[in-house]
Amino acid sequence: MKGVEETIGVTETAPIPKQRGEALLDHAVRYAEERHWDVLAGTWLEAGDGRELCSCGGGEDCTAPGAHPAVKDWAAQATGSAVQVRRMWSRHPQASILLPTGRTFDVIDVAETAGFLALARMERLELTVGPVTRTPDRRMMFFVLPGAGAKLPDLVRKLGWPPASLDLRARGEGEYVAAPPTRYGLQGSVQWAMRPTPANRWLPDAEELVDALAYACGRDAAAARARRA
């Protein structure tokens, strides 16, 4: 996985997206045009009283400031049209970039410590890994083919793990993830741990990654128990 050109497009000459310094619109359009992902403009951060608070008006009670849908019917508003994407961000240039799951991809959500351990194991096994994000609240999101939510519990059981014992879950239909470079309040920005590239355009199935992910989550859980002992 190391050394793979970090591009988001479908050709080797596609532009390389920066983690910072570009308008959110530029990133959102790339996701729609070059990756064919549906995109949604979410909430954003507003400065006031020396603080940055979520545009939703929830104040300090907001659990994902600047990184959640702004409307109830958000799923219907998500679009893969670059024209519509530009229209959304022309109204709110600072809006977060949200990607609905359960459409062109699901994600498998694990703790950051387990995620990095799993990536190292996947590299040793020479597995093809899809895009992976890191969130400011120390989570990692592994992009896989749709349907992961339905099959993940059985896959984990077949490996000998009770699903409830692992910090491992899938996000599918009716859910979403925040995309880079969306900010979470004062915690920081979502980043790519593995960028979208031509090499990972075709996403893996959850079954291809679950062994490494379950193993890493099991190790993480055991380490946590040892620390508490």
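Me: How many helices and strands does the secondary structure of the protein come to?
Reply: There are 6 helices and 12 strands, taken as DSSP runs (helices H or I, at least four residues; strands E, at least two) and numbered from the N terminus. This is a predicted model, where local features need pLDDT of at least 70, side-chain atom pairs count only at pLDDT 80 or more, and totals for chains, interfaces and linings use all residues. Residues are numbered from 1 along each chain as its sequence is written, and side-chain values use heavy atoms, with hydrogens and water left out.

Me: Which residues are buried in helix H3?
Reply: In H3, residues 82-91, the buried ones are Ala82, Val85, Met88 and Trp89. Buried means under 20% relative accessible area, exposed over 50%, and partly exposed in between (1.4 Å probe, protein chains only).

Me: Why do they line one face of the helix?
Reply: Seen down the axis of H3, the buried residues fall within an arc of 120°, so they line one face. The arc is that of the directions from the helix axis to the C-beta atoms.

Me: And what does the face turned away carry?
Reply: That face of H3 has the exposed residues Val83, Ser90 and Arg91.

Me: What do the buried residues of H3 pack against?
Reply: Their partners are helix H1 (24-34), strand S1 (40-41), helix H2 (74-77) and strand S4 (97-100). Contact means heavy atoms within 4.5 Å.

Me: Changing topic, what percentage of the whole protein is buried?
Reply: Of its 229 residues, 48% count as buried.

Me: And what box do the C-alpha atoms fill?
Reply: Roughly 50 × 45 × 30 Å, along the principal axes.
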